[in-house]
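Trainee: I have a new model open on my screen and would like to learn how to read it. Could you walk me through it, feature by feature?

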Amino acid sequence: MTKEQTYALLVEQVRSLVQGEDDPVSVMANVAAAIHTTLGFWWTGFYVVRGDELRLGPFQGPVACTRIERGRGVCGTALERGSTIVVPDVEQFPGHIACSSESRSEIVVPLRGSDGRVLAVLDIDSRQLATFDDTDRRHLEAIASIVAPAIEPPRQ
Ligand code: SME
């Protein structure tokens with residue numbers, strides 16, 4: 001199967017996992033598991049926005065940092081910019097937070113609420129350099145836009 005085909009199936013799987021679900025933890029847990037088992041990267045998970053920092057959410061892989069300040073590391077920078085960051089070599093990213101010394105490359109994709117605010121970020125780490133390309137970015141952004149409405153807090 002090509003990478004495109006693998007992602008096309010994964011996106012459909014995510015769509016059906018999210019369908020009819022509104023519990024953020026359940027949704028993020030199953031989506032992290034689906035991505036992780038399909039793509040086989042080193043670490044796959046969500047960091048959720050809490051005030052001015054990110055807190056570790058559901059993930060698959062080794063233990064990770066619990067809190068990341070806005071603007072710090074790849075995840076905190078993606079939160080601040082509100083856009084996807086692809087890092088081919090984590091050692092070249094100023095301020096990269098090494099939760100695991102095994103991580104060599106990384107992609108972080110923001111999940112936006114209906115008002116455009118970032119609700120969480122999806123972070124995937126690889127043990128190889130330059131793992132993530134435009135195909136990964138495009139499909140992971142599609143996954144982020146499917147998951148975001150299911151983790152949005154109800155309007156007051
Ligand atoms: N490397 C990330 C921290 C999270 S872990 O990779 C799971 C960063 O710099 O934001």
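Mentor: Helices (H or I, at least four residues) and strands (E, at least two) are DSSP runs, numbered from the N terminus. Keep in mind that this is a predicted model, where local features need pLDDT of at least 70 and side-chain atom pairs count only at pLDDT 80 or more, while totals for chains, interfaces and linings use all residues. Residues are numbered from 1 along each chain as its sequence is written, and side-chain values use heavy atoms, with hydrogens and water left out.

Trainee: How do I check the length of α2, and what happens at its ends?

Mentor: The expected span of a helix is 1.5 Å times one less than its number of residues. For the 16 residues of α2 that gives 22 Å, and the end C-alpha atoms are 22 Å apart, which agrees. At the start of α2, a side-chain oxygen of D23 comes within 3.0 Å of the backbone nitrogen of V25. Just after α2, G40 has a positive phi of about 70°.

Trainee: Which residue has a positive phi although it is not a glycine?

Mentor: Most residues other than glycine have a negative phi. Here A130 has a positive phi of about 50°. A130 sits in the loop between β6 (118-126) and α4 (134-151) and, at 52% relative accessibility, is exposed.

Trainee: How many aromatic pairs are there?

Mentor: A pair of aromatic rings is described by the distance of the centres and the angle of the planes. Rings of Phe, Tyr and Trp (its six-membered ring) pair if their centres lie within 6.5 Å; planes under 30 degrees apart are stacked, over 60 edge-to-face and the rest tilted. The count by this rule is three. F41 and F132 make an edge-to-face pair, with 4.9 Å centre to centre and 65° between the planes. This pair joins distant parts of the chain, 91 residues apart: F41 lies in the loop between α2 (24-39) and β1 (43-50), F132 in the loop between β6 and α4. F41 is buried at 17%, and F132 is buried at 8%. Ring pairs also link W43, Y47 and F59 into a cluster.

Trainee: What about the cysteines?

Mentor: A disulfide is a covalent bond between the sulfur atoms of two cysteines, and the cut-off used is 2.5 Å between the sulfurs. The whole structure has one disulfide. C65 and C99 form it, with sulfur atoms 2.1 Å apart. Its S-S torsion is about -125°, so the disulfide is left-handed. The sulfur of C75 is 7.5 Å from that of C99, the closest cysteine sulfur, which is too far for a bond. C75 is buried at 3%, whereas C99 is partly exposed at 32%.

Definitions and conventions
Buried means under 20% relative accessible area, exposed over 50%, partly exposed in between (1.4 Å probe, protein chains only). A polar contact is a pair of N or O atoms within 3.5 Å; within protein, one must be able to donate a hydrogen and the other to accept it, and residues adjacent in sequence count only if both atoms are side-chain atoms.
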